[in-house]
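Me: I'd like to go through this one with you. Can we start with the strands and then move to the aromatics?

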Amino acid sequence: MKALIPEPAYDLVNQKDLFQQAIERQEWSRALLYTDSQYALPLFLCLWDIIPASARPSVLAEALSGCEMPSICLTHVLIALRWCVRRNRRAFDSDSAERLFNELPAEVDVYRGTIMDEYTSGQLGACWSLSRDVATFFGRDYARYGNRVSPVILWGRISTKNVCGIASERDEQEVWLVPSMCWSGVEGLGIELL
């Protein structure tokens, strides 16, 4: 199996021997534990081609729920999420997330705390919330925005069929989606300055 692992993956891991053993045992989520959290998504993306299709949604959920999403990964993450939805598969970080998904009505309101630049660029992120309060936290209070100006909340109504996955372990009511599957650009989205 070692020859199949893309070389860049080894550059992202801390304990190469343990990582190799996890890959050989096809313990994909465990393999992600051998990197720093900011590298979980890039590592997942490096391993995409060797992760069996049946395991991809759960490993994607592990990668997404365990880290911040580097902007350089967004396009690839959107492709992975679209891959899941088109195969009627979803990414869940837990059994409770899957139960939450199964209990959702046909349409749900989703919210995203971000900055005005994201809205005006039309390059919307994949991580949204079912909670307006959580979106407010990310838009106004979350440290990653530092001194950047114009925090906003975006919201829109989407078909539950377009929910690509859910993370419930961090109590953020986080849903993962591909914005272009939900809206045409920013048309149909509400926006509020914070």
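Reply: Fine. This is a predicted model. Ala 167 stands opposite Glu 174 in β6.

Me: How many bridges join β5 to β6, and in which sense do they run?
Reply: Strand β6 covers residues 174-177, and four bridges join it to β5, with the two strands running antiparallel.

Me: And the hairpin of β5 and β6, how many residues sit between the strands?
Reply: Six residues lie between the strands of that hairpin, and Asp 171 takes a positive phi near 60°.

Me: Which sense does β1 take when pairing with β5?
Reply: Parallel. Strand β1 (residues 91-92) pairs with β5 over two bridges. In that pairing, Ala 91 stands opposite Gly 165 in β5.

Me: Is β5 itself enclosed or open, and why?
Reply: Strand β5 spans residues 163-167, and five of the five are buried, so the strand is largely enclosed by the rest of the structure.

Me: OK, aromatics. How many pairs are there?
Reply: The count comes to five aromatic pairs. Phe 92 and Phe 101 are a tilted pair, because their ring centres are 5.6 Å apart and their planes are at 50°; the tilted class lies between under 30 degrees for stacked and over 60 for edge-to-face.

Me: Are those two buried or exposed?
Reply: Phe 92 counts as buried because its relative accessibility is 15%, and Phe 101 counts as buried at 15% relative accessibility. The cut-off for buried is under 20%.

Me: What about Trp 128 and Trp 183?
Reply: Trp 128 and Trp 183 form a tilted aromatic pair, 5.0 Å centre to centre with 40° between the planes. Trp 128 lies in strand β3 (residues 127-129) and Trp 183 in the loop between α10 (179-182) and β7 (190-193), so the pair ties together parts that are 55 residues apart in sequence.

Me: Buried or exposed, for each Trp?
Reply: Trp 128 counts as buried at 2% relative accessibility. Trp 183 is buried, with a relative accessible area of 8%.

Me: Which residues form the aromatic cluster?
Reply: Phe 44, Trp 48 and Trp 83 form one aromatic cluster.

Me: Where does the charged end of Arg 56 sit?
Reply: The charged end of Arg 56 sits over the ring of Trp 48, 4.2 Å from the ring centre. The charged end of Arg 56 also sits over the ring of Trp 83, at 5.0 Å from the centre.

Key
Residues are numbered from 1 along each chain as its sequence is written. This is a predicted model: local features need pLDDT of at least 70, side-chain atom pairs count only at pLDDT 80 or more; totals for chains, interfaces and linings use all residues. Side-chain values use heavy atoms; hydrogens and water are left out. Rings of Phe, Tyr and Trp (its six-membered ring) pair if their centres lie within 6.5 Å; planes under 30 degrees apart count as stacked, over 60 as edge-to-face and the rest as tilted. Buried means under 20% relative accessible area, exposed over 50%, partly exposed in between (1.4 Å probe, protein chains only). A charge sits over a ring if NZ of Lys or CZ of Arg is within 6 Å of the ring centre and within 35 degrees of the ring normal. Two strands pair if DSSP finds at least two bridges between them.
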